[in-house]
Amino acid sequence: MTVMNLFNLDGKTAIITGGGRGLGAMMAEAFAEAGANIVVCSRKVEACQETANKIEKMGVKALALACDVTSESDVESVIQKTLEKFGSIDILVNNSGATWGAPVIDMPLDAWKKVMDVNVTGTFLMSRAVGKTMIEQNSGKIINIASVAGLGGIDPTLMDTIGYNTSKGAVITFTKDLAAKWGQYNINVNAIAPGFFPTKMSKAIMDRGKESLLAKTPLNRFGTEEDLKGTALFLASKASDYITGDVVIVDGGMHVL
């Protein structure tokens, strides 16, 4: 097997939650470029359909589905429809996310619950549902999208988002524990902790704190599509077969300062 073959996803099927835009769409395109068939799902199915249409022009098959990752029935429907169309599920990217900005004392309980439900419970529900198929296959790759915000405390002038930060810390621990539980089934579970990429969710923070953020980033720039695609493909492919329970930080070095 050549080095390039290690990154080949021909014949594989990948589900990406929140795949209609932002980081999810970037990863969906990366997997499609490597030959995988793609399922993109989110509450906004129209955006997913746009991504699916773009992906099919790359010569692979794609499916766009509506899904609220906090709904057991929605999650099960995605799994069923994916298996009906493709017959297997080889890769899952838990990318759907929510955030809420507010000082801790002003954080509404409903907002806290929403962020935790989407970011943590949604990751659990999708992993549990996909795990049934991956265990039967005795193979699979699960990639959870965490954040540098989940690695520790964050300056409140930049991110006064305690629910989001807490949820991403939980995703990191979930990743490590699930890797310990499912390694026996040849399932790799890893996480990516992105820094600041120009997405709808992060744009306001990046615009407001650009100078401060770049000053704390050794590479002195924000992330681009290419900066995430390679990492995601590595964790989805045979190239990472002996890696599990890890968190790959993609932040231009911000976490070292």
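This report describes the sheet in a predicted model and the helices described with it.

## The sheet

Strands of a sheet pair through backbone hydrogen bonds, in either a parallel or an antiparallel way. Here 7 strands form an open sheet with parallel pairing, in the order S3-S2-S1-S4-S5-S6-S7. Strand S3 (62-66) and strand S7 (247-250) are the edge strands, and each pairs on one side only. From one strand to the next, the twist averages 15 degrees.

Strand S2 (residues 37-42) runs parallel to S3, and 5 bridges pair the two. Ile38 has Ala62 in S3 as its bridge partner.

Helix H3 (residues 72-86) packs on the sheet, where H3 touches strand S1 (13-17), S2 and S3. The direction of H3 makes about 160 degrees with that of S3.

Strand S6 (residues 187-194) is mostly covered, with 8 of its 8 residues buried. Ile187, Val189, Ala191 and Ala193 point one way from S6, while Asn188, Asn190, Ile192 and Pro194 point the other way. The residues of both groups are buried.

On one side, S6 pairs in the parallel sense with strand S5 (residues 140-145) over 6 bridges. The bridge partner of Lys141 is Asn188 in S6. Together, S5, helix H5 (residues 162-182) and S6 make a right-handed β-α-β unit.

S6 also runs parallel to S7, and 4 bridges join these two strands. Pro194 has Val250 in S7 as its bridge partner. S7 is an edge strand and pairs on one side only.

Technical notes:
Residues are numbered from 1 along each chain as its sequence is written. This is a predicted model: local features need pLDDT of at least 70, side-chain atom pairs count only at pLDDT 80 or more; totals for chains, interfaces and linings use all residues. Side-chain values use heavy atoms; hydrogens and water are left out. Two strands pair if DSSP finds at least two bridges between them. Axes are lines fitted to C-alpha atoms, for helices over the stretch in contact, and angles run from 0 to 180 degrees between N-to-C directions. Contact means heavy atoms within 4.5 Å. Buried means under 20% relative accessible area, exposed over 50%, partly exposed in between (1.4 Å probe, protein chains only). A crossover is right-handed if, with the strands pointing away from the viewer, the path from the first strand over the helix to the second runs clockwise.
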